[in-house]
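Subject: Structure for your attention

Dear colleague,

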Amino acid sequence: MDGTFQAANPSSTEQPPLRELAADPLITRDYEARPALVYESLRARHGAVAPVDLLGVPVWLALGYAEVLEVLQNRGRVWSKRLDAWRDYAEGRVPRDWPLLPALEVDHVVFQEGRRLEELRGAYHAALRPFQDPSSPQAGELRAATARYADELIDVITEGGDSGFADLSAQYARPLPLMVVDRLLGFANGADEEVLMDMWRVLDAGPDSGPALERLLSALAGLAAAKMTRPGEDFPSYMLAARPEFTVDELSRELMMLVAVAGDFPGVLISNTVVEVINGGAGARESLSSGLIRETVNRVVMANPPMANLTMRCPSTDVRLGGRLIRAGEPVMLSVAAAHADPAFTGGADPSRSDRVYQTRAHLAWGAGPHHCLGVGLATMIVEIAIERLFSRFGALSLTLPSDQLPWRSSPLMRGLRSLPVRYRVAPRPAQAAPAPRPAPADPGAPPASAVSQPEQSRSALWRFLRGLRRGGR
Ligand code: HEM
């Protein structure tokens, strides 16, 4: 495979269009419980690219590693993420109430191509650099703040006693990245407290998510407008510095993208990593015990990528992919999770196979090519600190459910836990414990040192909510 796309003969008639093919529903109870089995069954029946019914809409699902990589790399510039490249959508055949539409009909970086994509990615790259470049002071402050947030969350969990029960998803993995995003956004004067709770309500897509989304969009628009006149040392201001022509509307859409991705996916990865470490799966516990948290996270994204399936791409002309004819405008969803299980990637039962492309770091969990993730440094920083603080503060953690009964959030795109119920025991404090990282004194956005042990002073809504979740008990 040389990575260049193969144009198909446009007059080819050997295969009917996607919408006329028989396709099995992808999202079933089996998928929610054991998606790997569903991918394997599709691979066995259809090969590297399968027609599936995605909540009532026909799409191709690319399951092969080589095919997913080929589309991601897009060397022939034939694949587009723009929604108007999808023929059924452009011609009105996608029902208006299709559940994935709200996530796709958003005009931000993820669904751009060409010059606009390059411009927006350039702004992200510049705006994230101060937080992702380990040598910059902001990155150091953010690391210290993240460790402090992690310790504050653990303090609340353990208020009920040195041992007990907790839901590490709701009480730790989900709020931590939201607290980091909240800090990146740079709201002034604690206006962010309710915004943070609204971010959570929106990401949970529960009954109160509609009004929460309206409040959130209005808060982000207000923030974007405020940063145009009073810039600070924060993500929106750096975006504006990199691309001054942003309108309030455009910038607030990108801020919403930051909330949706950076506020949610690191939490998914924290929970998945905790489960792997507790179970000792995929060599994770061994990696952690030798201090190699980065390697642990790497193993986890390979075994269980948080973005299991990527939003669709459509070709601008008929192409061949994995032996299939994909007609211009037909949507292809890329399954990173299935690609990671492809025997051509893993080596299957025979590690000496000549087509084996497995390498520890050749995974696709951060994407690849022109849409490759721009926040890898930030995401791994949050996850590594979260795991380090958790396994330092707790001497024992065990699941209270067998791992095959853990409840998963229902999503065709993401593989994340709905809850992570554990029993914990606090680790004995070392005789001379190192002091918890404190905010740099010059940081005006950080709470005073006295607030570190009293987080409710600065985050009462969040802390009231988290205290309501405490299970305590011995
Ligand atoms: C565990 C956490 C994360 C995972 C697993 C992840 C994974 C990914 C993947 C797979 C893509 C490619 C999507 C595609 O090609 O369709 C992507 C894109 C992106 N990610 Fe991340 N990401 C994470 C966290 C973050 C964070 C913290 C940021 C910070 C801002 C971020 C910013 C972006 C952006 C801006 C894009 C869009 C790039 C584009 O479409 O050109 N990500 N991410």
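How far is an oxygen atom of the ligand from an N or O atom in the side chain of R121? The separation is 2.6 Å. Please note that this is a predicted model, and the distances quoted here are computed from it.

**Ligand surroundings**

For K81, a polar side-chain atom is placed 2.7 Å from an oxygen atom of the ligand. For R313, an N or O atom of the side chain lies 2.7 Å from a ligand oxygen atom. K81, R121 and R313, together with H371 and C373, come nearest to the ligand among the 28 residues around it.

The shell is made up of 22 nonpolar, three polar and three charged residues. Several secondary-structure elements supply at least two shell residues each: the helices α6 (114–132), α13 (248–262) and α14 (265–279), and the strand β7 (309–315).

**The iron atom**

The iron atom of the ligand has C373 as its only protein donor, through SG at 2.3 Å. C373 itself is located in the loop that runs between α18 (343–346) and α19 (376–393).

**Two buried residues**

E384 counts as buried because its relative accessibility is 12%, under the 20% limit. Leaving out residues up to four places away in sequence, E384 touches I293, R294 and V297.

S169 belongs to helix α8, residues 168–173. With a relative accessibility of 1%, S169 is likewise buried. Once neighbours within four places in sequence are set aside, the contacts of S169 are R174, P175, S271, L417, R418, S419 and L420.

**Confidence**

The average pLDDT of the chain is 86, and 85% of the residues reach at least 70. Residues 436–456 have a pLDDT below 50, although this stretch has 27 contacts in the model beyond near neighbours in sequence. I would ask you to keep these values in view when you read that part of the chain.

With kind regards

How values were computed:
Residues numbered from 1 in each chain as written. Predicted model: local features only at pLDDT ≥ 70, side-chain atom pairs only at ≥ 80, totals over all residues. Heavy atoms only, no water. Near = heavy atom within 4 Å. Polar contact = N/O pair within 3.5 Å; in protein donor to acceptor, adjacent residues only side chain to side chain. Helix = DSSP H or I, 4+ residues; strand = E, 2+ residues; numbered from the N terminus. Nonpolar A, V, L, I, M, F, W, Y, C, P; charged D, E, K, R; others polar. pLDDT = per-residue confidence, 0-100. Contact = heavy atoms within 4.5 Å. Donors = N, O, S within 2.8 Å, 3.2 Å for Na, K, Ca; no water. Buried < 20%, exposed > 50% of the residue type's maximum accessible area, 1.4 Å probe, protein only.
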